[in-house]
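Have the model open as you read.

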There are 2 protein chains.
Amino acid sequence: MTMPTIDELNLLHANICQALGDPKRIQILYALFESPLHVTALADTLITPQPTISRHLRILRQRGLVTPHRDGAAVVYYLADERMIHILDSMRGVLRDSLARQSSMMA
Amino acid sequence: MTMPTIDELNLLHANICQALGDPKRIQILYALFESPLHVTALADTLITPQPTISRHLRILRQRGLVTPHRDGAAVVYYLADERMIHILDSMRGVLRDSLARQSSMMA
DNA sequence: AGTATGTATTCGGATAAGCGAATACATGAA
DNA sequence: TTCATGTATTCGCTTATCCGAATACATACT
C-alpha cells in the first residue's frame, strides 16, 4: 500500500469529480441513497435505457462511488459511502448561494 | 429570479462537478485558497503556460467558483466561496477511505 | 501615439465522453 | 440443455474537452 503522491491524489480526486460531472450520474447517486436498486429498477426509475445506466454505473463503480452486489440474476447497486451525498448536498448549498449572488448582481 | 427546476439544478450541479474534474483546476482552487493570485503568478506557481491557466480560470469563473478583480493591468483571482475547499477536503477524506477499502480487499 | 506588461481568445489537431442500437454474457428455472 | 430474464459490452457516430502555439485585447506608463 504505497502512499499516493500529491499529484496522484489530485488526479484521483479529479477523476471522482469528473464522475460526478454528469446529471444522470448524480441522479443515480441520489436514487441509490434513497434505496439500493438493481439496474433495471434504476433504468425504470430514471426513464433511461438499461445500457446507458450500466455504462454510468461502471464509471461510478470504477471510481468507488457505488458497490454492486449480486442477487440471483440481478445486480443490486449500493451507494458506497453516504458521506458522498452529504458532500453533494453541501455543493448544492454553495451553488444556491452562487445563484443568489448572481441574481442580486442583476438588481 | 425564477427557481430552477430539479433537472436544471442537477445540470448546474453536474457542471460544477465537471469543472472540478480536472487536476489542474483543483490545483488552482487550492492555490487561490492559500492566497489570491493574479494570472501570471498562478502560471508561475503551477508551472503552466499562461493561456492554459486563463482557459481553466474561465471555466471556473463561468461556474462561479472563482472571482476576478482587476488590479491595474493584472487580474487577481479569488476563491469565490471557501466552503468549496472544505467540500473538496471532505471528498479527499472519502477518497482516502475508499482507497483503504480497496487495499484491504487485496490482503 | 507608442511601448511594455498582463490577460484572454482563437485555431488546429489529438483524445476522450456521450448516446442509441445491437449483441454478448450471466444467472436461474423448466 | 433450452429458455427467459437481467446485466454488461461493443460498434459507429457525434460532440465535447484538452493542449500548444499564435494572436488579439486591455491597461499603464512615457
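How many residue pairs are in polar contact across the interface of chain B and chain A? The rule finds 6 of them, counting pairs with both residues at pLDDT 80 or more. Keep in mind that this is a predicted model.

## The interface

H5(B) gives the most, with 15 residues. By class, the side of chain B that touches chain A splits into 20 nonpolar, 9 polar and 7 charged residues.

Counting heads, 36 residues from chain B and 36 residues from chain A take part in the contact. The area buried between chain B and chain A comes to about 3300 Å², and carbon and sulfur atoms give 70% of that area.

## Salt bridges

Charged pairs show up here too: the rule finds 2 salt bridges across the interface of chain B and chain A. In the salt bridge between A:Arg83 and B:Asp97, the closest N and O atoms are 2.5 Å apart.

## The largest cavity

Now for the gaps. Rolling a probe the size of a water molecule over the atoms shows where empty space is left. Searching the whole structure turns up 2 cavities of 30 Å³ or more, and the largest cavity holds about 50 Å³ of space.

Who lines the largest cavity? From chain A there are A:Val94, A:Ser98 and A:Arg101, while chain B brings B:Arg63, B:Gly64, B:Leu65, B:Ala80, B:Asp81 and B:Met84. Helix H5 (residues 83-106) of chain A provides the largest share of this lining, 3 residues. Sorted by class, the lining of the largest cavity has 4 nonpolar, 2 polar and 3 charged residues.

## The second largest cavity

The second largest cavity has a volume of about 30 Å³. Its lining also draws on both chains: A:Ile16, A:Arg63, A:Gly64, A:Leu65 and A:Met84 come from chain A, and B:Val94, B:Leu95 and B:Ser98 from chain B.

Which element gives the largest share of the lining of the second largest cavity? That's H5(B), with 3 residues. As for residue classes, the lining of the second largest cavity has 5 nonpolar, 2 polar and 1 charged. So much for the gaps; H5(B) is also the element that gives the most to the side of chain B that touches chain A.

Key:
Residues are numbered from 1 along each chain as its sequence is written. Chains are lettered from A and ligands numbered from 1 in the order in which they are written. This is a predicted model: local features need pLDDT of at least 70, side-chain atom pairs count only at pLDDT 80 or more; totals for chains, interfaces and linings use all residues. Side-chain values use heavy atoms; hydrogens and water are left out. Contact means heavy atoms within 4.5 Å. Buried area is the accessible area (1.4 Å probe) that two parts lose on being put together, summed over both. A salt bridge is a side-chain nitrogen of Lys or Arg within 4 Å of a carboxyl oxygen of Asp or Glu. A polar contact is a pair of N or O atoms within 3.5 Å; within protein, one must be able to donate a hydrogen and the other to accept it, and residues adjacent in sequence count only if both atoms are side-chain atoms. Helices (H or I, at least four residues) and strands (E, at least two) are DSSP runs, numbered from the N terminus. Ala, Val, Leu, Ile, Met, Phe, Trp, Tyr, Cys and Pro count as nonpolar, Asp, Glu, Lys and Arg as charged, and the others, Gly among them, as polar. On a 1 Å grid over the protein atoms alone, a cavity is a set of points where a 1.4 Å probe fits but cannot get out, and a pocket is an open set with protein on both sides within 12 Å along at least five of seven lines; lining residues have an atom within 4 Å of a point. Grid points are joined across faces, edges and corners, and a volume is the space filled by probe spheres set on the points.
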